[in-house]
Structure formats: structure tokens, C-alpha cells
Amino acid sequence: MIPLGWWNRLAMKVGLIIYGSLERLSGGYLYDRKLVEHLRAQGDQVEVIALPWRNYTLHLADNLSQALLRRLAGLEVDVLLQDELNHPSLFLLNRLLRQRASYPLVAIVHHLRASEAHPAWANAVYARVEGAFLRSVDGWLCNSRATLAAVKALPGEAALVQARSLVAPPGGDRLRPDVQPEAIARRAWKPGPLRLLYVGNVIPRKGLHTLLAALRRLPRDDCQLEIVGSLEAAPGYARRLRQEVAASGLEAWVHFSGVLDDEALRQRLMDAHLLAMPSSYEGFGIAYLEGMGFGLPAVAGARGGAGELITHGVDGFLVAPQDDWELARGLHALHADRQRLVTMGLAALRRYAAHPTWEQSAASARQFLLDLSGAHR
């Protein structure tokens, strides 16, 4: 006999704190959306609490907001998820919230601000604030082992390791890849330049300037590059790069496509040879995995979680931040050796096939939340 109230014990009421809209274009927001979709599909109720986008200093002032404290304390939820991006708004407020609320707090950690390339003094501040935030929650839901290691390396690690943690990596099957080994070989051997695809918002951390510097070192007919992603996330940076492309005579080989819908992006991934985004840091790098699903070796930065996806020289390349010489050598080698490109493309496809899907990762995350909310009662 099924016990009375069994569904109430399995279904949860979940809160999620983010900045801005859940539809924002980034890997972190995609992760949050996929998790919310899964929770709702399982019968859970999810309430999204959107705080306004401002600058870091104004976000810090949120900790003094009695209205925000009352709003969060009044939530009727079993667990409150907090995207770690919101850490400046919550690192002190959470301590007051824990005195009033009965539900556990769980941070979704995509990557730390302190892991990015900022001046040393700024990263010292970010590390202190992020450390205080991560000590204020009951659990961490991380997208990679590298992200979890970065969390544990923050100041005050002795207190940090008391929280429960789970690594639930993003999936790569959003675009429904369906490419056969024969197609990977035909694509690689097609005459002409190496077709590079950059997929990501055009911001300094993603390393497009390094990629363009590498192209300037190569013969003009070695590579062509298509850049897919928002030009509005860092408009000054995007404008400068477009000017540099024009000044260096690369306009015939470099195309800025802006944001594309999923079907158009899928077609670009079918046609490209390489997914190239040499980021200075990625907590994970969803674009790399999505490219691998189409048999594209990934060219990525060596710092962060990309090394959990990419084996250097096997299914992609890991390059040091800002090292356009190394990047240029790798691109030239693949342009000249199409059989190696085939071998690496097939290895990328196998690596993709071995990775969890979005559904599998979200299911493990949901079980983690169920366990935490049950233990907190």
C-alpha cells in the first residue's frame, strides 16, 4: 500500500536567486534553466527570485536590505538555491537569513569571480567575499571538479569543507547532435582553409583577442573564423576587436555573426572543423562539449575545468592564457594534417558520448537537493 502523502515527500518547493532574467545568454544561465526545467518536469514547484543587475559595489549594499531579508525569510520553500554569481548580494545577508528560515541554502557554483584574471588586489577582495558567501550556505552544487577545488581553496577552507557538495557537470546534448564518423572524415578532407568556430559571448575572459592574434601569425588561407555570440556583453571590447580585424586585413577570413538561434548554431557546428575559444578561465566550458558532440576537437584555455573534458593532443588542445604562438602552431599543424584532424574529431565524438546528459546531471542534482532538504527537516 502506498503511504498517504508520498508525493509531498518526493516533490519539493524550490527557490532560486539569480540576477536579471533566467533567459540570459551564458553557460551559467543555461545550467540554471536546465535544472529548473528538470525540477518542474518532476513535479517540483520552482520560484525564481530575480535581483536587479547593477555593479559589484551596489550589489554589496543588498546585504543591508531589510526588504530583501523579509522577502527571503518569508519564502515557503524546502530549499533555496542561490547562483554563486549573486554572492556579493548575499554573503552577509545569508547569516541573518539562517536565523529566520528553516530551509537549507545551496549555492550553484559555475566558477568563482576570484578565479578570473583581475588585478591581485581585486581578486583578494573577491576571494574574501566569495569565501564568506560559501561559508554561509549548507551545500555547493558545482559544475566541475576544478570549480569544487577552487571553492575549497578559498580563505577559511577549514570552515568551507563542512558544507556538503556535489559535482553535477553540464550536459552537451541541448542541440541534439547527430553526426556519423564518415561525415567527420568527409568534412575534414574537404579542400580549403581550416574552419574555426568561436561560440560564446564576446568578453575578454573568452580569449577571442588571443585567437585573432594567432590568426595574424598564420598564412591568410590557413584558417577562417566565425564568431557566434553576443557583441553587447562587453561592447567596448567587441568594438576594439572588430577594428583590429579590419586594420589587419582579416575581414575576408573573420566573420562576426552575433547571436544565433539553436538551429542556425547547429548548422554551424555541423560545418566547422574546430571549436576554438581559448579562454583565460572556464569553470567548465559547455561550448566545448557541445562542439565535441558534432565531432569538433576543442581548442581551449588550460586553466579551469576544460581539462576535465579535453585531453591535450587527443580530442583538442589546451593552451596557456594569452599564448597566441602556441595556438597558431596548433592550428597550422591541423590545417596541414587532415588525417590528424579526422582522428581528433573521432576522439572528440567518443568523449562526448561518454559524458552525462543534461537529464542525468539534473537528476543527480535533484537527488542532492532532496537529501539536503530532508536532512534539514
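**Figure 1. Helices α4 and α6 in the predicted model.** Helix α4 covers residues 66-73 and helix α6 covers residues 93-100. Their axes come within 10 Å and cross at roughly 40°. An angle of this value makes α4 oblique to α6, because angles under 35 degrees would count as roughly parallel and those from 65 to 115 as roughly perpendicular. The crossing of α4 past α6 is right-handed.

**Figure 2. Residues that join α4 to α6.** On the α4 side, the contact is made by Gln 66, Leu 68, Leu 69, Arg 70, Leu 72 and Ala 73. On the α6 side, Leu 93, Leu 96, Leu 97 and Arg 100 take part. Sorted by class, the contact of α4 with α6 has seven nonpolar residues, one polar residue and two charged residues.

**Figure 3. Asn 86 in the loop between β3 and α5.** Strand β3 spans 79-83 and helix α5 spans 87-90, with Asn 86 placed in the loop between them. Asn 86 has 0% relative accessibility and therefore counts as buried, since the limit for this class is under 20%. The side chain of Asn 86 reaches the backbone oxygen of Ile 18 at 3.3 Å. Setting aside neighbours within four places in sequence, Asn 86 is in contact with Ile 17, Ile 18, Tyr 19 and Leu 51.

**Figure 4. Arg 205 in the loop between β7 and α11.** This loop lies between strand β7 (194-199) and helix α11 (208-216). Arg 205 has a relative accessible area of 17%, so Arg 205 is buried. Apart from neighbours within four places in sequence, the contacts of Arg 205 are His 111, Glu 116, Ser 279, Ser 280, Tyr 281 and Glu 282. Gln 66, a residue of α4 in the contact with α6, is 139 residues from Arg 205 along the chain, and the C-alpha atoms of Arg 205 and Gln 66 are separated by 35 Å.

**Figure 5. Helices α11 and α12.** Helix α12 consists of residues 235-247 and packs with α11 at an angle of about 5°. The axes of α11 and α12 are 11 Å apart. The two helices are therefore roughly parallel to each other. From α11, Leu 208, His 209, Leu 212 and Arg 216 meet Tyr 237, Leu 241, Glu 244 and Val 245 of α12. The residues of this contact divide into five nonpolar, one polar and two charged.

Conventions. Residues numbered from 1 in each chain as written. Predicted model: local features only at pLDDT ≥ 70, side-chain atom pairs only at ≥ 80, totals over all residues. Heavy atoms only, no water. Helix = DSSP H or I, 4+ residues; strand = E, 2+ residues; numbered from the N terminus. Buried < 20%, exposed > 50% of the residue type's maximum accessible area, 1.4 Å probe, protein only. Polar contact = N/O pair within 3.5 Å; in protein donor to acceptor, adjacent residues only side chain to side chain. Contact = heavy atoms within 4.5 Å. Axes fitted to C-alpha atoms, helices over the stretch in contact; angles between N-to-C directions. Parallel < 35°, antiparallel > 145°, perpendicular 65-115°, else oblique. Left-handed = near helix turned anticlockwise from the far one by under 90°. Nonpolar A, V, L, I, M, F, W, Y, C, P; charged D, E, K, R; others polar.
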